[in-house]
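Please examine the sequence and the three-dimensional model shown here before reading on.

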Amino acid sequence: FFLTGVLSLLDVILQLPAPALLAALDLPEDVKAALLQRIGPYAGLLQLAEATERAGAADIGDLCTQLGIEPHMLSAAHTEALIWARGQDQDESEEAAFLTQAPVSAVQQVHPVPEQSGAPAVPASEEANPSPTPALAAGADAQLQAAQNGNPQAQCAMGARYATGDQVEQNLVKSLAWYTQAAQQGNAKAQWNVAVLHEQGLGGAQLDALVAIRWYQQAADQGFAAAQASLGLRYATGQGVDKDLDRALALLQQAALQGDKEAQYNLAVLHEQGTAGAQDLEQAKTWFAKAAEQGLPAAQERLGFMCANGLGLEQPDLIEAYKWFFIASQANHEAAKANLAHCQTLLDADQLAQAQSRAKLWLQNQQDLGQQVQAV
């Protein structure tokens, strides 16, 4: 079967007639019959494979029926083949990967700390009392005064200003200094940002995973969702700490219940893999769905995959699968693009129209919601 598939496009690749090429090769007769005449024991599967590559192919359903193959089986096999072709191993095709910590600027409830190349390698202690540029507005100037007077919320806000260049010159060294002062007074947002800066070695912070873990833990102990999510991921992967899946599950659950979408995704992965207890596909689908609704492309693609294969469902739902693949593909998620193309071949015209309508409605609702937030 593998040989038949590999040789099926040989004539296209070499721009030579297939009979002439195959005559020069010592091949089993069944392989030749499938390639040249589309007959014999290998012909049906070859025709099905070719049909999956044709957009809008109408004969896929009939071929599946003839071969005794359920649509979800075909979808799973096609996805596995695409993954194999991209050079990944079998284990990766069967398990969702953990979502690494999102860029800090993507976590809305935390003051953003953008990555900056070439940040001054000056110890934070040298900037213990940073001062802004003269262009500060009255409100920001009052914030500075409050920070200098020791207010932790104001100090955290000044850390965010220097991180993003909001009315001051962007400077991660000064950002770290203000964040550190606030963190030492117990401000959870500042603690989380100090942890990130130490983990990434930015703003003059020493690249130190253990220091980062300590700050993450302090923020997590206060119930700060982003810190719980970050710490939970590290316990799930053994990054900087001893791997502890029970602890990971507890931390991710706490953050997920507060609406942290990265935590929701990683919690879904734990349930899908069953690595922190019994596999629970219904729970996995539930948490993937929550993260997908918040606009996380990785969760949208994974939810589409579960719908396509009937995982956590009574039966496959290709219309809903197409919807999520389409949405994730709009964010340039590569796996979603591949799955979208394949899913389209399994839908008839009415189903495709319904799936596209669902996807476009969801995208429009998100756009409307974004406009409402901006107006507020």
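The paragraphs below proceed from the whole chain to one helix, and then to the nonpolar cores and an aromatic pair.

This is a predicted model, in which local features need pLDDT of at least 70 and side-chain atom pairs count only at pLDDT 80 or more, while totals for chains, interfaces and linings use all residues. Residues are numbered from 1 along each chain as its sequence is written, and side-chain values use heavy atoms, with hydrogens and water left out.

The protein chain contains 21 helices and zero strands; helices (H or I, at least four residues) and strands (E, at least two) are DSSP runs, numbered from the N terminus. Of its 376 residues, 44% count as buried, where buried means under 20% relative accessible area, exposed over 50%, and partly exposed in between (1.4 Å probe, protein chains only). A contact requires heavy atoms within 4.5 Å. Among contacts between residues at least 6 apart in sequence, 56% join residues at least 24 apart.

Helix 16 covers residues 261-273. Its 13 residues should span 18 Å at 1.5 Å a residue, and its end C-alpha atoms are 18 Å apart, which agrees; the expected span is 1.5 Å times one less than the number of residues. Twelve of the 13 residues are buried, so helix 16 is largely enclosed by the rest of the structure. These buried residues pack against helix 14 (225-237), helix 15 (245-257), helix 17 (281-293) and helix 18 (297-309). After helix 16 comes G274, with a positive phi near 70°.

Y265 is one of the buried residues of helix 16. Together with F288 and Y322, Y265 has the most contacts inside the largest nonpolar core, which has 80 residues. A nonpolar core is a set of buried Ala, Val, Leu, Ile, Met, Phe, Trp, Tyr and Cys residues joined through side-chain atoms within 4.5 Å. Helix 19 (residues 318-329) gives the most to this core, with eight residues. Leaving aside neighbours within four places in sequence, Y322 is in contact with residues including L340, C343, L347 and L352. A second, separate core of nine residues includes L7, L21, L27 and L46.

The whole structure holds four aromatic pairs. Rings of Phe, Tyr and Trp (its six-membered ring) pair if their centres lie within 6.5 Å; planes under 30 degrees apart count as stacked, over 60 as edge-to-face and the rest as tilted. W324 and W362 form an edge-to-face pair, 5.6 Å centre to centre with 70° between the planes.
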